[in-house]
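Dear colleague,

Please find below the structure that I am handing over to you.

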Amino acid sequence: MKDLAPRDFVSRCMDQEIKEGRGCGPDKEYIVLDMTHLGADTIMKRLPSVFEIGHNFANVDITKEPIPVVPTIHYQMGGVPTNVHGQVVAPKDGNPTAILHGLYAVGECSCVSVHGANRLGTNSLLDLLVFGRAAGHHIVKAAQGFGSHKALPPGAAEFTQARLARLQGSTSGEYAQDVANDLRKAMQAHAGVFRTQALMDEGVGKVKQLAERAKAIHLGDKSNVFNTARIEALEVDNLMESALATMVSAAARHECRGAHTVSDYERPIDDAAAPNGRNDAEWMRHTLWYSEGNRLDYKPVNLKPLSVESIPPKVRTF
Amino acid sequence: MTERVFQIYRYDLDTGEKPRMQTLSVSLDGSERMLLDALMKLKAVDPTLSFRRSCREGVCGSDAMNINGKNGLACLTNMRTLKDPIVLKPLPGLPVVRDLIVDMTDFFKQYHSIKPYLVNDEIPPEKERLQSPEERDELNGLYECILCASCSTACPSFWWSPDRFVGPAGLLQAYRFIADSRDQDTGARLDNLEDPYRLFRCHTIMNCVDVCPKGLNPAGAIGKIKELMVRRAV
């Protein structure tokens, strides 16, 4: 395998080895990563945190022996759509990127669209440092021009209060972490590194069922001071939203793009319409998922950089 | 399955009751490798048990607590290293908010007081401010701090004057910027610490070095700051 192959490719290779029975350990459920050829000096200098993880969690000295590894989720590709100032945008009256004034999103929760459909090394720094800074500057500037806030619409707090009241009034039901664990398993199985249309369709059904279960979570601690049980229960609600967004959007995208590899749509690299399964004519567009009504919309991809020449998309080779 | 016994400090302002130690036991099946895993299992039984946690891999620094008398991170403490009963208390020296959760205001006030950011008034170059590999090496053992507060809350000087002594975590970070070849504020940084309390309450008790879950040496960094103070005075 190539050293600098993209993460989705490496993940699939790892998964394939395990699924085809070439895994390690008594249950053949992982593969091992050997870094010993780098030498102890390079490892300690360049990968000290990897050394620490191996030592703490796998009881392994990576300078001397291989470490067990499996692919796992690392970063959200996609998020709340924003422009380069961190301002949240949403389609309105025919404008696909109408600004929602006063609402900003920065970091992993945001989608400035620098990622595309894949996750590359240090993209998170771009999201945080570059666009975080840009958003900060924009907020300061915008705040200076402020007169006063608009009056809140009547009942603005109702949704949030209802969420809290539901949990506060719960007398029976499931423990939040049990629902969260089942969601974790469902996403790993149905939105993992190898996807099929059938697997994703089934996943949509499963996540919808889980979302129903989440509505009936029981809050076992109703106290007021630093209530972590309440935070965890609310977090499960939030996880359901992003899981639904991921699962529903993935199932609707009938092609392969970046980390979204669906065996039903895999094509040879020289396929005229969809090389490697990537169908730019039909699918080079952003998916927008709406929580209200669980519906999808699409918007065009911005291919015009602000200050440099545009680089036309190419077939991915490495 | 192994039965493990815990004694956990419990306090909830809501109940109006005084703090108490609660004895709890839980069956672990071996997949609960770290103390944090066991705590999550305890919380499933009693959701009122409260502690901070987030990354579960020693990066966020949220789950620092006093474990069998020694400060550390629950997520990096292997259950096999702990003797029963496992006594868990909040970090010492800071006000308890609830159970194992402390109010970290004083800790972060001290951290912010050392200006934990690069100060350089020169116009930034087109690309990065470059460092030689040797200059970068000076930051090893300093930048890794995750601000879990294990060290400062293990320090008797910090217990005594959390409002006036910067504490080992803050001083380690102060030296991290003093040692940075790109930072221009060394003089002002030393002025800021030249005070009988802010720096000189460190009496090299070394608890900070003993407890740091990342294996850092705040006492060493404090020694280097003191050395720089002496050098500029002579």
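**Helix packing in chain A**

H7(A) passes H8(A) in a left-handed crossing, that is, the near helix is turned anticlockwise from the far one by less than a right angle. Helices are DSSP runs of H or I with at least four residues, strands are runs of E with at least two, and both are numbered from the N terminus.

The model is predicted, so local features require pLDDT of at least 70 and side-chain atom pairs pLDDT 80 or more, while totals for chains, interfaces and linings use all residues. Residues are numbered from 1 along each chain as its sequence is written, chains are lettered from A and ligands numbered from 1 in the order written, and side-chain values use heavy atoms, without hydrogens and water.

Helix H7 (residues 197-214) of chain A and helix H8 (residues 228-252) of chain A have axes that come within 9 Å and cross at roughly 160°. Axes are lines fitted to C-alpha atoms, for helices over the stretch in contact, with angles from 0 to 180 degrees between N-to-C directions. H7(A) and H8(A) are therefore roughly antiparallel to each other (under 35 degrees counts as roughly parallel, over 145 as roughly antiparallel, 65 to 115 as roughly perpendicular and the rest as oblique). Their contact (heavy atoms within 4.5 Å) includes Met200(A), Val204(A) and Val207(A) of H7(A), and Met240(A), Leu244(A) and Met247(A) of H8(A). By class, its residues are 14 nonpolar, 2 polar and 3 charged. Here Ala, Val, Leu, Ile, Met, Phe, Trp, Tyr, Cys and Pro count as nonpolar, Asp, Glu, Lys and Arg as charged, and the others, Gly among them, as polar.

H8(A) also packs against helix H6 (residues 176-190) of chain A, at an angle of about 20° and with the axes 10 Å apart. H6(A) is therefore roughly parallel to H8(A). Among the residues in contact are Val179(A), Leu183(A) and Met187(A) of H6(A), and Glu232(A), Val236(A) and Met240(A) of H8(A). This contact comprises 11 nonpolar, 3 polar and 1 charged residues. The crossing of H6(A) and H8(A) is left-handed.

**Interface of chains A and B**

In chain A, 20 residues are in contact with 25 residues of chain B. The two chains bury about 1800 Å² between them, 52% of it on carbon and sulfur atoms; buried area is the accessible area (1.4 Å probe) lost on putting two parts together, summed over both. Phe57(A), Val225(A) and Phe226(A) supply 34% of the area that chain A buries against chain B, more than any other three residues.

There are 3 salt bridges between chain A and chain B (a side-chain nitrogen of Lys or Arg within 4 Å of a carboxyl oxygen of Asp or Glu). Glu232(A) forms a salt bridge with Arg53(B), with the closest N and O atoms 2.9 Å apart. Over all chains, the count is 31 salt bridges. Since Glu232(A) lies in helix H8 of chain A and Arg53(B) in the loop between helix H1 (35-45) and strand S3 (64-67) of chain B, the pair joins two chains.

**Helix packing in chain B**

The axes of helix H5 (residues 167-178) and helix H8 (residues 218-233) of chain B come within 8 Å and cross at roughly 55°. H5(B) and H8(B) are therefore oblique to each other. Leu171(B), Leu172(B) and Tyr175(B) of H5(B) take part in the contact, as do Ile222(B), Ile225(B) and Leu228(B) of H8(B), among others. The contact has 11 nonpolar, no polar and 1 charged residues.

**Backbone features**

Most residues other than glycine have a negative phi, and most peptide bonds are trans. Lys28(A), not a glycine, has a positive phi of about 50°; Lys28(A) is in the loop between helix H1 (7-19) and strand S1 (31-33) of chain A. Asp84(B) and Pro85(B) are joined by a cis peptide bond, with omega about -10°. Pro85(B) is in the loop between strand S4 (70-73) and strand S5 (86-89) of chain B.

With kind regards
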